[in-house]
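Have the sequence and the model open side by side as you read.

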Amino acid sequence: MLMQCFLVTGVSGKHTDHRNLFTQRVCCKRQSHFVYIGQDISGSPVSVDVGICRSHCGAASRPSHEAGQQEYSKHSSMLEFLRSKKTRARGPAAPESPDTLNQLPSCGMNQVCEPTGMRVDRVLLLQGPREVEVIEECHCEIKLTQCIRVPALKTYYSETPYETVIDVGGCSRSKGSPEGFSCVPTKFDSALVETPNKVDLIQTVVACELKESCYRVPYVEYYYEIVHHADGVKEERLKEIDVGRCLGGCTTGNRCLLRSPTDPEMCHLWAETQSSSCVPQGYESHSFLNQHGQLRTVLSITSCFCKN
């Protein structure tokens with residue numbers, strides 16, 4: 001009888017110890033994240049809850065902007081503020097508590113908490129209509145080792161008779177990529193969405209490749225070309241030229257100067273950098289006779305680079 005009681009107690013204790021751990025591992029939730037997008041037509045400020053996916057579901061709420069301002073106001077300068085933050089970060093580590101354990105990522109080492117679906121809201125601002133992407137739900141997604149196209153569902157004209165869900169696609173966040181390379185879209189398509197006023201054209205991703213931050217993608221244009229044959233016959237035919245486009249960002253290095261001690265993904269202070277753009281570097285020319293018999297030259301991009 002004593003042995004039976006001991007076994008029951010032991011099982012009960014194990015269940016209590018691991019209940020929070022189980023909840024932690026399956027926890028990947030959408031949390032509110034308000035973003036100021038401008039003023040409406042009456043001049044009032046507009047903020048939209050675009051949401052954010054977080055696996056730190058047991059963590060305390062993120063510090064507000066006002067709280068950060070109050071903390072900064074206690075110091076005479078930004079330099080002193082940064083030094084105080086650095087000193088606190090170097091302080092002795094506090095013993096782990098249940099609250100601290102709950103702040104650990106819940107999706108596992110090989111997973112990431114990402115949106116399962118998004119909707120595109122249209123907001124009428126003083127400057128004109130603007131599209132805002134809003135996260136609806138989140139889930140734990142396995143980190144892929146290869147660069148591939150992954151599904152990405154977006155809902156357009158939500159809660160209207162024209163509501164449409166489109167797989168616009170995206171590129172996987174492939175881990176283990178060479179430094180300076182990213183998994184980016186290289187081939188696109190389009191989908192049509194009916195609206196009360198017109199038909200909208202939505203760009204979708206078809207294929208992805210591992211590219212540098214600034215890269216060239218194909219972009220085909222068609223022209224009419226006149227060709228004179230040796231027998232004197234004049235032929236009009238369609239000429240296809242891949243003129244190319246430059247895509248990608250050119251920000252180098254980490255611009256975050258001060259991160260939150262409780263949430264490493266949150267940056268309190270960003271460094272100002274010179275804006276740079278991804279522009280054509282190399283090109284080649286294509287010459288042909290147009291329908292009027294005039295010589296026309298079209299330049300096509302062969303390579304791209306970051307220009308400050």
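## About the model

This is a predicted model, in which local features need pLDDT of at least 70 and side-chain atom pairs count only at pLDDT 80 or more, while totals for chains, interfaces and linings use all residues. Residues are numbered from 1 along each chain as its sequence is written, and side-chain values use heavy atoms, with hydrogens and water left out.

## The overall picture

The protein has 20 strands and four helices. Both are DSSP runs numbered from the N terminus, with helices being H or I over at least four residues and strands being E over at least two.

Of its 308 residues, 27% are buried, where buried means under 20% relative accessible area with a 1.4 Å probe, counting protein chains only. The accessible surface, from the Shrake-Rupley method with a 1.4 Å probe, is about 21,600 Å², and carbon and sulfur atoms supply 53% of that.

## A disulfide from loop to strand

How many disulfides does the rule give? The count is seven, a disulfide being a pair of cysteine sulfur atoms within 2.5 Å.

One of them joins Cys147 and Cys183, with the sulfur atoms 2.1 Å apart. This link is right-handed, with 85° about the S-S bond. Because Cys147 sits in the loop between β6 (128–142) and β7 (149–150) while Cys183 belongs to strand β11 (residues 181–194), the pair ties together parts that are 36 residues apart in sequence. Cys183 is buried, its relative accessible area being 14%.

## Two disulfides from strand to strand

Cys214 and Cys278 also form a disulfide, and their sulfur atoms are 1.9 Å apart. Here too the link is right-handed, at 85° about the S-S bond. Distant parts of the chain are linked, 64 residues apart: Cys214 is in strand β13 (residues 214–217) and Cys278 in strand β19 (residues 277–289). Both cysteines of this pair, Cys214 and Cys278, are buried.

The sulfur atoms of Cys246 and Cys304 are 2.1 Å apart, and Cys246 and Cys304 are each buried.

Methods
Buried < 20%, exposed > 50% of the residue type's maximum accessible area, 1.4 Å probe, protein only.
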